[in-house]
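Biologist: Let's go through this one together. I will ask, you answer.

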Amino acid sequence: MKLKKKILTPLSILFIIISSWSQNNKTCGEVYYTHTIKISKIVANDFVMKFDNKQSYSEEVNIKTSGNSQEIEGSERGTTRVYVIGRKNKSPNFFYNNKTEFYFNYLSFDETLLVKEDKFEWNWALHSEIKKIGKFTCQKATIDFRGRSYTAWFTNEIPVPFGPWKFQGLSGLILEVYDTDKAFHITSSKIQIGEKVDCVININKNSFKEAISITEYLNEIEKNVNAIFAKLSSKMPKGSKPLEWDKNCEDCPKGVEIFDEEK
Amino acid sequence: MKNILLTLVLVLTVSFAFAGNEIEKASVVEVEETVFTTNEVNRTISIELLEVPFLEYNNLTSSTDYISCRYRKCIIFNGEKYCTEWKPCKAL
């Protein structure tokens, strides 16, 4: 009995010390990001990212729904008519990263796609330039990803290898990132660390078993685009030829990810 | 000599007159109809503008006022633009 006490007591003390040390060294927090796409039109979406040392989960918030509206613009050579369709599917886009795997949810027209991202070597080039974002000192890093060259600003004051959208792999949290054309620009705000934050990341990982690959994801998008044009064709006057997607459209700007020009 | 000069002036005047009309007739009218959606396409897309009203533009009142007209449809989704090929407008 005395022997048990002699072993158990120091073990218990050791356990308490290790636990509290782990807690003190656990970094967790929450950051608001705005993703702005300026390509054919300006699109902005807000995300809240929760993170700790092991994982990050970024979920879309402030999902805007708007009624149908239309704009008619004149151009030098003809007429452009633009319809803006409001969003009805309120399922949020999300990005989940646990350092070994990456999953994201993407709304492709009517369809929600859960995708497992390909492995990518995040070989960032570090630069000596620094700047302040809020109260955090950030260092510059650059990388090429899916056809675009990006600049990221990250802070080692928050030592987690995570960032917004698909960006990751630096020694600190990424607070801002943009490509050279500023076609895709992500900024951060409302950064909260530690005690004030609920550090629990709730996500149903069982659903990840149904995730499709990037190749399947690209095929689904192509299928959805063709389906939309087929739908538009069915409304055309009788005798009209069906509408087909022109994949070689020269004046159609590329999206954020350019898969056929991966660097 | 006088006659030659007068003829030349007449030919030049007529050429400029017709040249002006040819430039107008060479105008290309393009109509692009774009459906822009944030993340979802409404199942009840309006089809009213599928009747291409290109003749409303620039006071063109007949198909002889232009020699080339084409149109296409585009969809912009999450910043990416998808378009059909340009097709000739139907004469009304």
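Biologist: Where in chain B is confidence lowest, and where is it highest, among its strands?
Modeller: This is a predicted model, so confidence comes first. In chain B, strand β1 (residues 28–37) has the lowest confidence, with a mean of 54. The highest is in strand β3 (residues 80–83), at 81.

Biologist: What is the mean pLDDT of chain B?
Modeller: Residues 20–27 of chain B are one, with 9 contacts beyond four places in sequence. Residues 36–66 of chain B are also below 50, with 81 contacts in the model beyond near neighbours in sequence. In chain B, 32% of residues reach 70 or more, and the mean pLDDT is 56.

Biologist: What ipTM does the predictor give the complex?
Modeller: Two scores describe the complex. The pTM is 0.73. The ipTM is 0.71.

Biologist: In what order do the elements of chain B run?
Modeller: Chain B has 1 helix and 4 strands. Read from the N terminus, the order is α-β-β-β-β.

Biologist: What share of the 92 residues in chain B is buried?
Modeller: Buried means under 20% relative accessible area. The accessible surface of chain B is about 5600 Å², and carbon and sulfur atoms hold 62% of that. The buried share of its 92 residues is 40%.

Biologist: How far apart are the end C-alpha atoms of helix α2 of chain A?
Modeller: Helix α2 covers residues 214–234, which is 21 residues.

Biologist: Is A:L218 buried, partly exposed or exposed?
Modeller: A:L218 sits in helix α2 of chain A. Buried residues of that helix include A:I214, A:Y217, A:I221, A:V225 and A:I228. An α-helix has 3.6 residues a turn, so residues three or four places apart point the same way. A:L218 has 30% relative accessibility, so it counts as partly exposed.

Biologist: How far is the C-alpha atom of A:L218 from that of A:F259?
Modeller: Along the chain, the two residues are 41 apart. Their C-alpha atoms are separated by 9.1 Å.

Biologist: Which element gives the most residues to the largest nonpolar core?
Modeller: That core has 51 residues, and A:W124, A:Y150, A:W165, A:F167 and A:L173 touch the most other members. Beyond four places in sequence, A:F167 has contacts that include A:W122, A:F162 and A:I186. The top contributor, with 7 residues, is α2(A).

How values were computed: Residues numbered from 1 in each chain as written. Chains lettered and ligands numbered in written order. Predicted model: local features only at pLDDT ≥ 70, side-chain atom pairs only at ≥ 80, totals over all residues. Heavy atoms only, no water. Helix = DSSP H or I, 4+ residues; strand = E, 2+ residues; numbered from the N terminus. Expected span 1.5 Å × (residues − 1). Buried < 20%, exposed > 50% of the residue type's maximum accessible area, 1.4 Å probe, protein only. pLDDT = per-residue confidence, 0-100. Contact = heavy atoms within 4.5 Å. Core = buried A, V, L, I, M, F, W, Y, C linked by side-chain atoms within 4.5 Å. Areas by Shrake-Rupley, 256 points an atom, 1.4 Å probe, with all protein chains shown as cover.
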